[in-house]
Structures are given as C-alpha cells and as structure tokens.
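Here are my notes for your first look at this one. Have the viewer open as you read.

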Amino acid sequence: PELSEEPPAEMVKMTKSKTFQAYLPNCHRTYSCIHCRAHLANHDELISKASGFFRDLMNYLLTKMSFQGSQGRAYLFNSVVNVGCGPAEERVLLTGLHAVADIYCENCKTTLGWKYEHAFESSQKYKEGKFIIELAHMIKDNGWE
C-alpha cells in the first residue's frame, strides 16, 4: 500500500482561532487603531473628562502637561478595549520611575503604548491602572466634527 502524505479529511482539525473584538456603541465618539480600525477607547474614558470642579482642574492641568510616548504625543485613558498587555517592567519615564507594561492591539498586534501598573512617586499614583495610547496609532471614529 502507498503511504499518503496528507491525513484523511475527517482527521484534520481546524486550529486557527477567531479573534473576537469588542465594539463600542456608535452613539459615542471613539478612538480606533489606525492600522486595522479596531475600537480602542471611548472618548468618555479620556482622563481629562471628569465632572465638576475636578474636571475643570484636571482639564487645566492636562493642558499644561501633555503625555509623551516614544513616537510623540499620547492620551491617558481610564479603560480600553481590544488591547493586550505584555509583562510589566520598571522604566524611568519623564515623570519618574514606573512599572509599566506595553499594550498592543489584539487585532493587528501593533504596539500602541503602555499600561501604568505601579507608580513609585506619590504624585504619580493617579496613573496606576491607566493606559497611554500614542496619537500616532489612533484615529477618531463616530461623530467627530
């Protein structure tokens, strides 16, 4: 009998897994990955968007300081979607020593920025658990005019 190099069709298993994406509501302004258009964040999750006196104070402070990524300006978000997280490592950034983990788009695997896991200086503690996404990797979607 002749040996076949391919297994019979009934023995072949599909091993490619499908990536499921989170979709943010169309009624909100969103930020998406510039490379694949996967949703990344709702505009309401931008840190400068808070309420009342705190909002006004934060907006004033954030206009005086801008977040900087390795490829230019960046935004700080409370939460993101469709983003994976690498291992945390200590880095000295412009604002001091932080434990950060690189974040990437789950859909196209592009590195987008980082997540603040731990801030070593008390004045930087508000960043813990927050996400930096560089503007070079985002586009605005849904209702920006």
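1. A term to start with: buried means under 20% relative accessible area, exposed over 50%, and partly exposed in between (1.4 Å probe, protein chains only). Tyr-31 is buried, with a relative accessible area of 3%.

2. Keep in mind that this is a predicted model, where local features need pLDDT of at least 70, side-chain atom pairs count only at pLDDT 80 or more, and totals for chains, interfaces and linings use all residues. Residues are numbered from 1 along each chain as its sequence is written, and side-chain values use heavy atoms, leaving out hydrogens and water.

3. On to the overall layout. Helices (H or I, at least four residues) and strands (E, at least two) are DSSP runs, numbered from the N terminus. Of the 145 residues, 33% are buried.

4. Now back to Tyr-31 and its ring partners. Rings of Phe, Tyr and Trp (its six-membered ring) pair if their centres lie within 6.5 Å; planes under 30 degrees apart count as stacked, over 60 as edge-to-face and the rest as tilted. That rule gives four aromatic pairs. One of them is Tyr-31 with Tyr-75, edge-to-face at 5.8 Å centre to centre and 80° between the planes. Tyr-31 sits in strand β1 (residues 30-33) and Tyr-75 in strand β4 (residues 72-77), 44 residues apart.

5. Tyr-31 also pairs edge-to-face with Phe-77, at 5.3 Å and 70°. Phe-77 lies in strand β4 and Tyr-31 in strand β1, so this pair ties together parts 46 residues apart in sequence. Phe-77 is buried, as is Tyr-31.
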